[in-house]
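Subject: Structure handover

Hello,

Here is the structure we spoke about. Please have a look at it, then read the notes below.

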Amino acid sequence: MPQKRLILSSPLLEIMTSRLCQELIENHQDFSNSVVMGLQPRGIYFAERIIAELRERTGKDIPLGYLDATFYRDDFRRRESPLLPNKTNVPFLIEGKRVILIDDVLSTGRMVRAALDAMTAFGRPKTVELMVLIDRRYNREIPIDPDYVGMQVSTVESQRVQVEWKEQGFEADHIWMVD
């Protein structure tokens with residue numbers, strides 16, 4: 001049976017989210033040319049929380065989209081069972097915009113690479129920044145580095161990070177290390 005070890009929960013998660021929002025405010029100022037894209041499936045929950053806090057702090061209505069990169073993955077056709085896509089909902093063009101791509105966990109970098117390819121359907125952004133709640137160090141297969149990190153976790157290949165959001169029906173927010 002897999003062993004789970006709690007690495008993060010509330011209220012530390014709220015403090016971390018608040019710190020990341022402050023970094024975004026410092027770097028994006030009035031957000032006049034910025035958009036946020038949550039990476040499906042679980043990055044959207046983190047993106048929604050970031051957007052809610054940014055709107056509360058700045059009073060700005062920052063565009064939020066949901067991006068699914070399933071069909072852009074380099075392992076899409078190599079799996080034994082087919083991947084099930086999620087919904088993409090990007091109700092704006094990203095042409096010339098500063099895109100903040102948000103995901104819950106960064107591991108190999110392959111999903112982010114796929115997301116960068118998927119974004120091209122919505123225009124050519126001016127810049128793309130990556131925000132992740134958890135950065136799994138030592139697992140990168142592609143040289144991708146996040147611009148905003150909630151927490152870095154040292155893991156080995158056999159371990160994984162499991163994020164449970166209240167929005168998914170869990171009693172509370174928890175982030176686990178699973179062996």
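First, the ground rules. This is a predicted model, where local features need pLDDT of at least 70 and side-chain atom pairs count only at pLDDT 80 or more, while totals for chains, interfaces and linings use all residues. Residues are numbered from 1 along each chain as its sequence is written, and side-chain values use heavy atoms, leaving out hydrogens and water.

**The helix pair**

Start with helix α1 (residues 12–28) and helix α2 (residues 43–58). Helices are DSSP runs of H or I with at least four residues, strands are E runs of at least two, and both are numbered from the N terminus. Two packed helices are described by the angle between their axes and the distance between the axes. Here the axes come within 10 Å and cross at roughly 60°. Those axes are lines fitted to C-alpha atoms, for helices over the stretch in contact, with angles from 0 to 180 degrees between N-to-C directions. The crossing is right-handed (the near helix is turned clockwise from the far one by less than a right angle). Contact means heavy atoms within 4.5 Å. On the α1 side, the residues that meet α2 include Leu 13, Leu 20 and Ile 25. Their counterparts in α2 include Phe 46, Ile 50 and Thr 58.

**Thr 58**

Thr 58 sits in α2. Thr 58 is partly exposed, at 25% relative accessible area (buried is under 20%, exposed over 50%, partly exposed in between, with a 1.4 Å probe and protein chains only). Beyond its neighbours within four places in sequence, Thr 58 is in contact with Ile 25 and Phe 31. Its side chain also reaches the backbone oxygen of Leu 54 at 2.7 Å. A polar atom of that side chain lies 3.1 Å from the backbone nitrogen of Lys 60.

**Salt bridges**

There are ten salt bridges in the structure (a side-chain nitrogen of Lys or Arg within 4 Å of a carboxyl oxygen of Asp or Glu).

- Glu 164 and Lys 4: the closest N and O atoms are 3.4 Å apart. The pair links distant parts of the chain, strand β7 (residues 160–164) and strand β1 (residues 4–9), 160 residues apart. Glu 164 is buried at 8%, whereas Lys 4 is partly exposed at 41%.
- Arg 42 and Asp 104: N to O is 3.0 Å. Arg 42 is in the loop between β2 (34–39) and α2, and Asp 104 is in strand β4 (residues 98–106), 62 residues apart. Asp 104 is buried at 3%, and Arg 42 is partly exposed at 33%.
- Arg 113 and Asp 117: the closest N and O atoms are 2.5 Å apart. Both lie in helix α3 (residues 110–119), four residues apart, about one turn of the helix.

**Arg 136**

Which side chain of opposite charge is nearest to Arg 136? It is Asp 135, 8.0 Å away (Lys and Arg count as positive, Asp and Glu as negative; His and the chain ends are not counted). Arg 136 is buried yet has no salt bridge. Arg 136 belongs to strand β5 (residues 127–137). Its side chain reaches the backbone oxygen of Gln 159 at 2.7 Å. Not counting residues up to four places away in sequence, Arg 136 touches several others, among them Val 105, Val 153 and Glu 157.

Best wishes

How values were computed. Polar contact = N/O pair within 3.5 Å; in protein donor to acceptor, adjacent residues only side chain to side chain.
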